[in-house]
Amino acid sequence: MPPPSEAGERARHRPPAGAGPRPVPALVAAAERYLRVGPAADLATAVTRSHLDDGRCVGWYGPPTAGWRVAIDAERADAPVPMALARRFGAVDFWDRWTRAECFCKLADVPVAAWWRRHGLGTPAGSVVLWRTLRLADLVVTVAFAPHPPGR
């Protein structure tokens, strides 16, 4: 798989204080090693998946991460940005911002419309989520990890 493009890659590698073992920053840094693209049926054993509008699926095959949850989201990099969303959020780096917001929504178990009202397509300052947005062939993919809430 090709390495992520420097222009399309942004990452947060600062783990939250007291989050336990540190395998997650290494997984985030090497995310492309753990991602597979193919038909959904072929990726049924993935830890988590993201379905694309062209019928493909992206699956995460990273090792277990005790105490952490993982989410991924993928979109075709050349997909047109829906006009209503471009008007609302702008078209520059849209799919990068979209996939990040989707991952944050998944990790927070918050509907995307509720997220938009509070954060737009941004990521909250001071978040404990570790994430990376990268290019994988013709895709924009974000991988994000958050520690399990205490007591889980």
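A salt bridge here is a side-chain nitrogen of Lys or Arg within 4 Å of a carboxyl oxygen of Asp or Glu. These close-ups show a predicted model, in which local features need pLDDT of at least 70 and side-chain atom pairs count only at pLDDT 80 or more, while totals for chains, interfaces and linings use all residues. Residues are numbered from 1 along each chain as its sequence is written, and side-chain values use heavy atoms, with hydrogens and water left out.

View 1. R56 pairs with D54 in a salt bridge whose closest N and O atoms are 2.8 Å apart. Its side chain also meets that of D138 in a salt bridge (2.9 Å, N to O). Because R56 lies in strand β4 (residues 56-60) and D138 in the loop between β6 and β7, this second pair ties together parts that are 82 residues apart in sequence. Helices (H or I, at least four residues) and strands (E, at least two) are DSSP runs, numbered from the N terminus. For accessibility, buried means under 20% relative accessible area, exposed over 50%, and partly exposed in between (1.4 Å probe, protein chains only). R56 is partly exposed at 24%, as are D138 at 33% and D54 at 39%.

**View 2. The loop at A137.** A137 sits in the loop between β6 (130-136) and β7 (139-147). With a relative accessible area of 61%, A137 is exposed. Look across to A77 as well: the C-alpha atoms of A137 and A77 are separated by 9.0 Å, though the two residues are 60 apart along the chain.

View 3. The structure holds seven salt bridges. In one of them, R132 joins E32 with the closest N and O atoms 2.9 Å apart. R132 belongs to strand β6 and E32 to the loop between α1 (23-29) and β2 (35-39), so the pair ties together parts that are 100 residues apart in sequence. Both R132 and E32 are buried. Elsewhere, D53, R76 and D78 are linked in a network of salt bridges.

**View 4. R97, a buried arginine without a salt bridge.** R97 is found in helix α3 (residues 94-108). R97 is buried yet has no salt bridge, and D93, the nearest side chain of opposite charge, is 5.9 Å away. For charge, Lys and Arg count as positive and Asp and Glu as negative, with His and the chain ends not counted. Contact means heavy atoms within 4.5 Å. Beyond four places in sequence, R97 touches F89, G90, A91, V92 and L121.

**View 5. The largest nonpolar core.** A nonpolar core is a set of buried Ala, Val, Leu, Ile, Met, Phe, Trp, Tyr and Cys residues joined through side-chain atoms within 4.5 Å. The largest has 20 residues, and F94, W98, L121 and V129 have the most contacts inside it. Two or more residues come from each of α2 (83-89), α3, α4 (112-119) and β7. Helix α3 gives the most to this core, with eight residues. Leaving aside neighbours within four places in sequence, F94 contacts V81, L85, F89 and L121. Another core, of 19 residues, lies apart from it and includes V28, L35, V141 and F145.

View 6. T142 lies in strand β7 and, at 0% relative accessibility, counts as buried. A polar contact is a pair of N or O atoms within 3.5 Å; within protein, one must be able to donate a hydrogen and the other to accept it, and residues adjacent in sequence count only if both atoms are side-chain atoms. The T142 side chain makes such contacts with the side chains of T99 (2.6 Å) and T133 (2.7 Å). Not counting residues up to four places away in sequence, the residues T142 touches include A71, I72, D73, D96, R100, C103, W131 and R132.
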